Amino acid sequence: MTVYGYARVSTNHQDITPQIEELKRYGCEVIYQEKVSGISADDRRELMRLIETAQTGDKIVFTKLDRFARSTVDALNIAKKLNDKGVAMVVLNFGGMQIDISTPTGKLMLTMFAGFAEFERELMLERQRVGIERAKKAGKYRGRIRKYTEEHPGMNHAIELYQKAEKTVKEICASAATLLPHQHVPV
C-alpha cells in the first residue's frame, strides 16, 4: 500500500509548500504537485497521472476538497474513478477523516461537502464581480493591462534597461522575480 499526496495551486505566484508540508506530516510517501487552475479536471495532468498510477489498496490524500475538485460533478467523477480502482481517499480539511466513497454515507458526505465548496466559490466570484463593477463605476478600477504596451510601466522599465545594455534579458527577469510579492520556493 502506498500513501500518495496531491498538492495544487492555481497560479505560479502561489506557494504550494504549505500543502506539501501538510501532506508529509500526514505520512504521504509520494506527492504529486502542479500549478494549474482547478476549473477543469482534464487540465490537471498530474492528478490524472496520480489516479492512473494508484493501485488497489493505495490511499490518496488531499489537503482540501477544492485542491482536487472545483465542482460537485468533478468530485463525484474523481471519487468514482478512485472507488472503482479500490483506492482510498482522505481529505485533511475534513479533520483527516478518510472518506469511504464505496458506502452510501461516504458518497453523501462527499456530495454535500463538494456542493458546499462549489457554492462558496460561486458566492466569492459573485462578490468579486460586484466589487469590480462598483469600483469601475467609481473610476477606481481599470483592470489589469492585458498587453505589454507603452502603458505598462514594468515593460517600459525592462526595455529601458535592455536598451541601455545595463542588463541582459535573463538579468531583467531575475530582478523582476525578486520584486514579486508571492515567490514560489521550490520543494
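Let's start with a pair of residues. Lys 136 and Glu 133 both sit in helix H5, three residues apart, about one turn of the helix. A helix here is a DSSP run of H or I with at least four residues, numbered from the N terminus. The side chains of Lys 136 and Glu 133 meet in a salt bridge, at 4.0 Å from N to O. By salt bridge I mean a side-chain nitrogen of Lys or Arg within 4 Å of a carboxyl oxygen of Asp or Glu.

Before going on, the ground rules. This is a predicted model: local features need pLDDT of at least 70, side-chain atom pairs count only at pLDDT 80 or more, and totals for chains, interfaces and linings use all residues. Residues are numbered from 1 along each chain as its sequence is written, and side-chain values use heavy atoms, with hydrogens and water left out.

Back to the pair. The cut-offs: buried is under 20% relative accessible area, exposed is over 50%, and partly exposed is in between, with a 1.4 Å probe and protein chains only.

How many salt bridges are there in the whole structure? The search finds five. I'll show two others.

Next, Arg 129 and Glu 126. Their closest N and O atoms are 3.1 Å apart, in a salt bridge. Both are in helix H5, three residues apart, so about one helical turn separates them. Arg 129 counts as partly exposed, at 47% relative accessibility. Glu 126 is partly exposed at 39%.

Now helix H2, residues 45-53. Arg 49 and Glu 46 both lie there, three residues apart, about one turn of the helix. Arg 49 forms a salt bridge with Glu 46, and the closest N and O atoms are 2.8 Å apart. Arg 49 is partly exposed at 43%. Glu 46 is partly exposed at 22%.

Back to H5 itself. Helix H5 has 34 residues, 104-137. The expected span is 1.5 Å times one less than the number of residues. For H5, that should be 50 Å, and the end C-alpha atoms are 49 Å apart, which agrees.

Which residues of H5 are buried? They are Gly 106, Leu 110, Ala 114 and Ala 135.

And just after H5? Gly 139 takes a positive phi of about 75° there.

That's it. Questions, please.

Terms used
Helix = DSSP H or I, 4+ residues; strand = E, 2+ residues; numbered from the N terminus.
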